[in-house]
Amino acid sequence: MQNLLKIGAHGRYGAFARARNRIIAIATTFMMLTGASFAEPTAIAALGDSLTQGYGLPADQGFVPQLDRWLTAQGADVTMINAGVSGDTTAGGLSRIDWTLTDDVDALIVALGGNDVLRGIPPETARANLTGILDRAAARDLPVLLIGITVPANYGPDYQTAFTAIYPDLAADYDALLYPNFLAALTTDTDLDTAFKTLMQSDGIHPNAAGVAKIVNDLGPHVLTLIEQGR
């Protein structure tokens, strides 16, 4: 009789153990699945001018939507925020950085300066404005990708040198990622004349949809690194 009781007890314990193990396995699977589904995407604000905003292009062909699709195709879970304003200068970017960096923003792309150069704004003024933007990002401990520009020699070599130096200098000072030239990818495998004919809009300033695609393909890996830093 005692042996039968022992067997019964062991049988009940075994059944209990198996049931407990099943519950633990189900709970673990549930937590893994819900953890993955509830994880929020990395939100990146792209602060810039018309190049960022997508001037002259259909809404889905601008820089931000094309970059969003490229990142998604690479498996990134990301939400891109288009904070580009046509005609904006570094001063304009500084004036709206506080309300651009909402609580849900995890990382920042800064692509400003082209309109400063077009207006002949002193390099030291642009540097101070970009410094203010990076200060705000640093206060939030946000990773930054700083994108430079092509600076023509219209205002002389000293102006060109001083303005071009802003971007690598600030990237080093703030430990930011640097992409030296927004439009560089347009001429990586073609000459300038062909790039203007096939990859630029008729104004000769803004890339067309194909040009944006080339920029995104070249810039995209840098943004993937930004996403890693923003997690």
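Q: Where is Leu224 found?

A: Leu224 is found in helix α9. Helices (H or I, at least four residues) and strands (E, at least two) are DSSP runs, numbered from the N terminus. Residues are numbered from 1 along each chain as its sequence is written, and the model is predicted, so local features need pLDDT of at least 70 and side-chain atom pairs pLDDT 80 or more. Totals for chains, interfaces and linings use all residues, and side-chain values use heavy atoms, with hydrogens and water left out.

Q: Is Leu224 buried, partly exposed or exposed?

A: Buried means under 20% relative accessible area, exposed means over 50%, and partly exposed lies in between (1.4 Å probe, protein chains only). Leu224 has a relative accessible area of 27%, so it is partly exposed. For the chain of 231 residues, 42% count as buried.

Q: What does Leu224 touch, leaving aside neighbours within four places in sequence?

A: Contact means heavy atoms within 4.5 Å. By that rule Leu224 meets Trp70, Leu71, Gln74 and Ala76. Val78 is 146 residues from Leu224 in sequence, while their C-alpha atoms are 9.7 Å apart. Across the chain, 79% of the contacts between residues at least 6 apart in sequence join residues at least 24 apart.

Q: How many helices and strands are there in the chain?

A: The chain has nine helices and five strands. Read from the N terminus, their order is α-β-α-α-β-α-β-α-α-β-α-β-α-α.

Q: How is the packing of α3 and α9 described?

A: Two packed helices are described by the angle between their axes and the distance between the axes. Axes are lines fitted to C-alpha atoms, for helices over the stretch in contact, and angles run from 0 to 180 degrees between N-to-C directions. Angles under 35 degrees count as roughly parallel, over 145 as roughly antiparallel, 65 to 115 as roughly perpendicular and the rest as oblique. The axes of α3 and α9 (residues 209–230) come within 8 Å and cross at roughly 55°, so the two helices are oblique to each other.

Q: Is the crossing of α3 and α9 right-handed or left-handed, and which residues meet?

A: A crossing is left-handed if the near helix is turned anticlockwise from the far one by less than a right angle, and right-handed if clockwise. α3 passes α9 in a right-handed crossing. On the α3 side are Phe63, Gln66, Leu67, Trp70 and Leu71; the α9 side includes Val212, Val216, Gly220, Leu224 and Ile227. By class, this contact of α3 with α9 holds 14 nonpolar, three polar and no charged residues. Ala, Val, Leu, Ile, Met, Phe, Trp, Tyr, Cys and Pro count as nonpolar, Asp, Glu, Lys and Arg as charged, and the others, Gly among them, as polar.

Q: What do the axes of α6 and α7 show?

A: Helix α6 (residues 123–139) packs on helix α7 (residues 157–173) at about 15°, with 9 Å between the axes. α6 is therefore roughly parallel to α7. Their crossing is right-handed. Among the residues making the contact are Leu130 and Leu134 of α6 and Tyr159, Phe163 and Tyr167 of α7. The contact of α6 with α7 has 11 nonpolar, one polar and two charged residues.

Q: How many aromatic pairs does a search of the whole structure find?

A: Rings of Phe, Tyr and Trp (its six-membered ring) pair if their centres lie within 6.5 Å; planes under 30 degrees apart count as stacked, over 60 as edge-to-face and the rest as tilted. The search finds four pairs. In one of them, the ring centres of Phe63 and Phe182 are 5.1 Å apart and the planes are at 55°, so the pair is tilted. Phe63 lies in α3 (residues 63–73) and Phe182 in the loop between β5 (177–179) and α8 (192–199), so the pair ties together parts 119 residues apart in sequence. Phe63 and Phe182 are both buried. Tyr155 and Tyr159 also form a tilted pair, 5.0 Å centre to centre with 50° between the planes. Tyr155 is partly exposed at 43%, whereas Tyr159 is buried at 11%. Ring pairs link Tyr155, Tyr159, Phe163 and Tyr167 into a cluster.

Q: What is the phi of Asp141, and what is the phi of Asp175?

A: Most residues other than glycine have a negative phi. Asp141 has a positive phi near 60°, and Asp175 has a positive phi of about 55°. Asp141 lies in the loop between α6 and β4 (144–147) and is exposed at 68%. Asp175 lies in the loop between α7 and β5 and is exposed at 69%.
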